Amino acid sequence: MIDCNNVLVLAYIGDAVYEVYIRNYLIKKNIVKVDKLQKEAVKYVSAKSQRVFLEKLINQNFFNQEEIAIIKRSRNHKGNRHPKNTDIITYKYATAFEAIIGYFYLTNNKKLDEMMNLIYDEDGR
């Protein structure tokens, strides 16, 4: 059994799960050119987008208290390294976003699909 208290492990698996969900979604939209798929994917998988999605879901009270605790632990995890193309705060929110996806995935939580559907609905922004 994977330790769901290790927020970096949750973020690690959550990153991969989220990428597959987004790629699957874009392919179902009948985007057939790989360069177009990549450009569309960036709109979802960038740290900035992940932060925006997470903040919207928090503001909509999507998460329960246990899930908020995971998000906060992930966001507040020690470490000051981040990619050059984003600031540390955005990166920490993106890590929290990926961690909650990892948590939902590993616990077979139906909220993963609910969360992803809300994100897909943002497509009509």
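Phe62 is buried, at a relative accessible area of 13%, where buried denotes under 20%, exposed over 50% and partly exposed the range in between (1.4 Å probe, protein chains only). Phe63 is likewise buried, at 8%. The model is predicted, with pLDDT of at least 70 required for local features and 80 or more for side-chain atom pairs, while totals for chains, interfaces and linings use all residues. Residues are numbered from 1 along each chain as its sequence is written, and side-chain values use heavy atoms, with hydrogens and water left out.

The protein comprises 6 helices and 0 strands, helices being DSSP runs of H or I with at least four residues and strands runs of E with at least two, numbered from the N terminus. The order of elements from the N terminus is α-α-α-α-α-α. Of the 125 residues in the protein, 41% are buried. Contacts (heavy atoms within 4.5 Å) between residues at least 6 apart in sequence join residues at least 24 apart in 66% of cases.

The axes of helix 1 (residues 7–28) and helix 5 lie 6 Å apart at an angle of about 85°; axes are lines fitted to C-alpha atoms, for helices over the stretch in contact, and angles between N-to-C directions run from 0 to 180 degrees. Helix 1 is therefore roughly perpendicular to helix 5, given that 65 to 115 degrees counts as roughly perpendicular, under 35 as roughly parallel, over 145 as roughly antiparallel and the rest as oblique. Helix 1 contributes Val7, Leu10, Ala11, Ile13, Gly14, Asp15, Val17 and Tyr18 to this contact, and helix 5 contributes residues including Thr95, Phe97, Ile101 and Tyr105. The contact of helix 1 with helix 5 has 12 nonpolar, 3 polar and 2 charged residues; Ala, Val, Leu, Ile, Met, Phe, Trp, Tyr, Cys and Pro count as nonpolar, Asp, Glu, Lys and Arg as charged, and the others, Gly among them, as polar. Thr95, located in helix 5, is buried at 11% relative accessibility. Leaving aside residues up to four places away in sequence, Thr95 touches Ala11 and Ser74.

Between helix 5 (residues 88–106) and helix 6 (residues 111–121), the packing angle is about 140° and the axes are 8 Å apart. The two helices are therefore oblique to each other. Phe97, Ile100, Ile101, Phe104 and Tyr105 of helix 5 meet Lys111, Leu112, Met115 and Ile119 of helix 6, a set of 8 nonpolar, no polar and 1 charged residues.

Across the whole structure, 8 aromatic pairs are found, a pair requiring ring centres of Phe, Tyr or Trp (its six-membered ring) within 6.5 Å, with planes under 30 degrees apart counted as stacked, over 60 as edge-to-face and the rest as tilted. Phe62 and Phe63 pair edge-to-face, at 5.1 Å centre to centre and 90° between the planes. In the pair of Tyr103 and Phe104, the centres are 6.1 Å apart and the planes stand at 50°, so this pair is tilted; both residues are buried. Tyr18, Tyr25, Tyr44, Phe53, Phe97 and Tyr120 are linked into a cluster by ring pairs.

Charged side chains also lie over ring faces, a relation defined by NZ of Lys or CZ of Arg within 6 Å of the ring centre and within 35 degrees of the ring normal. Lys111 is placed over the face of Phe62, 4.6 Å from the ring centre, and Arg51 over that of Tyr93, at 4.8 Å.
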